[in-house]
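Biologist: I would like to learn how to read a protein model one feature at a time. Could you take me through one slowly?

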Amino acid sequence: MATSNTKNCILCNKSDARSCTRCRSIHYCSKACQKKDWPIHRHLCSTFASFDPPEQSTDHQRIKAIFFPVDETKPQMVWLPWNWRMFEDTRCQFPDPYPFLGLDESRRMLSRVDTIFQNKVLGRELSDLIYIHYIDNFLNDGSKVNKSIETITGFYGTSQHWRGPMIAYGVVGQHGVHDIVCRDIDLGDFRHIVDFLQMYCGRPPEEAQLKMFHLTTEQLFALGR
Ligand SMILES: [Zn+2]
Ligand SMILES: [Zn+2]
């Protein structure tokens, strides 16, 4: 708790919060809020802190993203590549998450992307959208239970497991599919993702799904062409 800045506390949204001294990727107004967030934040704080920036080369087209592997108990920080594509007359940045989901070109339509635009647990809208990309039919296609999501949500052995791999990344603002500009994900986003997943895993999927704005990969991909 050293760096002073104008960011808001992730929990209570008070301004002038200070960053976690280890990862510098999330902000708290007080020790009390920091302590309250720790059960979630602990899963990625040191991982984020030791995640090195890429070599400063010509390849700047990568953003920090969070990958949720099926067979490991911890989420991972990864670099997600993106490319320019035209949408109507606008150049948009489109990430390429398919290799993380184990999908090649011919099977990319099997995935789905959802947008997290609010945090119902903390009761507020997000200023920047978070996209989560996963296997669309994971409940019925034999996908394995996602152990990293099981760990962070604390829901073991429930009927509402999240299955298959997932990757989460950020875009600037609340735009949806227009004028997509990618951004590095941070650990404030991680808190919002965990809250979303806890709602999903603790409640019937239909109920949690209502809180999201749906976009099939097919729609997103068609728009990007
Ligand atoms: Zn606070
Ligand atoms: Zn931290």
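Modeller: What follows is a walk through this model, from the whole chain to single residues.

Biologist: What should I know about confidence before I look at any detail?

Modeller: This is a predicted model, so confidence comes before detail. The chain averages a pLDDT of 84, and 82% of the residues score at least 70. Over residues 1–5 pLDDT stays under 50, and the model has nine contacts beyond four places in sequence for them; over residues 204–216 pLDDT also stays under 50, with 17 such contacts in the model.

Biologist: How many helices and strands does the chain have, and what percentage of its residues count as buried?

Modeller: The chain has six helices and ten strands, and 33% of its 225 residues count as buried. If we take the contacts with a separation of 6 or more, residues 24 or more positions apart account for 59% of them.

Biologist: How do I read a helix, and which residues of helix 1 are buried?

Modeller: In helix 1, which covers residues 31–41, the buried residues include Gln34, Asp37, Ile40 and His41. They lie on the same side of helix 1 because they cover an arc of only 95° around the axis. On the other side of helix 1, Lys31, Ala32, Lys35 and Pro39 are exposed.

Biologist: What covers the buried residues of helix 1?

Modeller: The cover includes strand 2, helix 2 (45–49), helix 3 (147–153) and helix 4 (187–202). Cys33 also lies in helix 1, but this residue counts as partly exposed because 18 other C-beta atoms lie within 10 Å, where 20 or more would be needed for a buried residue.

Biologist: Which residues is Cys33 in contact with, once its neighbours within four places in sequence are left aside?

Modeller: Cys33 is then in contact with Cys9, Leu11, Cys12 and Tyr28. Cys33 and Cys12 are 21 residues apart in sequence, and their C-alpha atoms are 7.7 Å apart in space.

Biologist: How do strand 6 and strand 7 pair?

Modeller: Strand 6 and strand 7 (residues 124–135) pair in the antiparallel sense over eight bridges, and Thr115 stands opposite Tyr131 in strand 7. Their hairpin has four residues between the strands, and there Gly123 takes a positive phi near 70°.

Biologist: Where does Arg24 lie, and what is its phi?

Modeller: Arg24 lies in the loop between strand 1 and strand 2 (27–28), and it has a positive phi of about 55°, although it is not a glycine. With 16 other C-beta atoms within 10 Å, Arg24 is partly exposed.

Methods. Residues numbered from 1 in each chain as written. Chains lettered and ligands numbered in written order. Predicted model: local features only at pLDDT ≥ 70, side-chain atom pairs only at ≥ 80, totals over all residues. Helix = DSSP H or I, 4+ residues; strand = E, 2+ residues; numbered from the N terminus. Buried ≥ 20, exposed ≤ 12 C-beta atoms within 10 Å, placed from the backbone. Arc of directions from axis to C-beta. Contact = placed C-beta atoms within 7 Å. Pairing = 2+ DSSP bridges. pLDDT = per-residue confidence, 0-100.
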